[in-house]
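Please keep the model open beside you as you read.

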Amino acid sequence: MFNLFYYGQSAMAKIDLADSKEWYETAEQARAYLDLVNSGYGGGMAGAEEELLAKNKEIICTACADRISYIDLGPGNGNKTILLCDALHDVKKLKSYAAVDIQSEFLTIADKTQERYGVPSLKLNSSFEEFLSKEQPFKETPKFIYLGATFGNFNKDSIEPRLIEFMKPQDVVYLSAARLPENTERLVASYSAILPMLTPLICKKGLKDGVFKVVFNQENSAVESLYETKDTSYLLAFSRKYSIEAFKAQISPYFEGEYIISDNHIGFIGRKKK
């Protein structure tokens, strides 16, 4: 069911299509995403997350005190998976691996990355929300749960309770987000690069005679990618951006651990609160 609401002073209906199932359930959408992250975008906004991980992988490995099962919520093109699995494997902390995604193409990529480690691995075709509500794989092993910057694609307080319910006291989670820049106009302009990735969703929905638009929503501190027709604005995707203070304020009610910070990204590694 679509979410309908109104914003600003206009009477334009706003329909929310920014749902992970809608986004990646077709192969065309998956390829559009991979083309994007492997382009210049991958070395810019998306690359900031990978750079933060590369500089702080020792901290992440130390937070995983025991041999762990790596739960990869959204393996994507595999770059971040390889970076962290290499680091955990080098210190003999990688016991098993499970990739979770609704898109089989991403699971195939994840499966190929695991051939080098020789540990038990699973491919689980599921949305993150559905997976977190089910019985855990590798139940006997402490887990390292990687959500990363996908954290910013969820509404506030929507994914955190699911993680808390899923996690055991010894489990570790990694969450991250892009930092909110002072110049949001430049931020919005940079998101014009993602418009080709939105086309498969528009075609799937049969939408036409509209225009793409990217705006910064001050109310929820998010970049919103829209497709606007004469009387309706379709929200295709959003990505929340955080000040350091706002990120910590959202994490701290649920988790305790360590924050890692760069000029344009912020991450958290830790456990759920006791």
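Start with aspartate 72, which stands opposite alanine 99 in strand 4. This is a predicted model, in which local features need pLDDT of at least 70 and side-chain atom pairs count only at pLDDT 80 or more, while totals for chains, interfaces and linings use all residues. Residues are numbered from 1 along each chain as its sequence is written, and side-chain values use heavy atoms, with hydrogens and water left out.

Strand 3 and strand 4 pair in the parallel sense, over six bridges. Two strands count as paired if DSSP finds at least two bridges between them; strands (E, at least two residues) and helices (H or I, at least four) are DSSP runs, numbered from the N terminus. Strand 3, helix 5 and strand 4 form a right-handed β-α-β unit, right-handed meaning that, with the strands pointing away from the viewer, the path from the first strand over the helix to the second runs clockwise.

In the loop between helix 5 and strand 4 you will find lysine 92. Its phi is near 60 degrees, a positive value in a residue other than glycine. Lysine 92 counts as exposed, at 67% relative accessibility. Here exposed means over 50% relative accessible area, buried under 20%, and partly exposed in between (1.4 Å probe, protein chains only). Serine 221, in the loop between strand 8 and strand 9, also has a positive phi, about 55 degrees, but serine 221 counts as buried at 18% relative accessibility.

Back at strand 4, seven of its eight residues are buried. Strand 4 (residues 94–101) pairs with strand 5 in the parallel sense over five bridges. Across that pairing, tyrosine 97 stands opposite serine 121 and alanine 98 opposite leucine 122. Strand 4, helix 6 (residues 104–113) and strand 5 make a right-handed β-α-β unit.

Which strand is largely enclosed by the rest of the structure? That is strand 7 (residues 172–178), because six of its seven residues are buried. On one pairing, strand 6 (residues 143–148) joins strand 7 in the parallel sense over four bridges, and glycine 148 stands opposite leucine 175. On another, strand 7 and strand 12 (residues 265–272) pair in the antiparallel sense over six bridges, with leucine 175 opposite phenylalanine 268. Strand 6, helix 8 (residues 160–166) and strand 7 make a right-handed β-α-β unit.

Next, the aromatic rings. A pair of aromatic rings is described by the distance of the centres and the angle of the planes. Rings of Phe, Tyr and Trp (its six-membered ring) pair if their centres lie within 6.5 Å; planes under 30 degrees apart are stacked, over 60 edge-to-face and the rest tilted. The structure holds 13 aromatic pairs. Tyrosine 146 and tyrosine 174 form a stacked one, 5.5 Å centre to centre with 10 degrees between the planes. This pair links tyrosine 146 in strand 6 to tyrosine 174 in strand 7, 28 residues apart. Tyrosine 146 is buried at 2% relative accessible area, and tyrosine 174 is buried at 0%. Phenylalanine 247 and tyrosine 259 are edge-to-face, 6.1 Å centre to centre and 80 degrees between the planes. Phenylalanine 247 lies in helix 11 (residues 244–251) and tyrosine 259 in strand 11, so this pair ties together parts 12 residues apart in sequence.

Finally, look at the cores. A nonpolar core is a set of buried Ala, Val, Leu, Ile, Met, Phe, Trp, Tyr and Cys residues joined through side-chain atoms within 4.5 Å. In the largest, of 28 residues, Leu17, Tyr33, Tyr234 and Leu236 touch the most other members. Helix 2 gives the most to this core, six residues. Apart from it lies another core of 27 residues, including Ile71, Phe151, Phe154 and Ile266.
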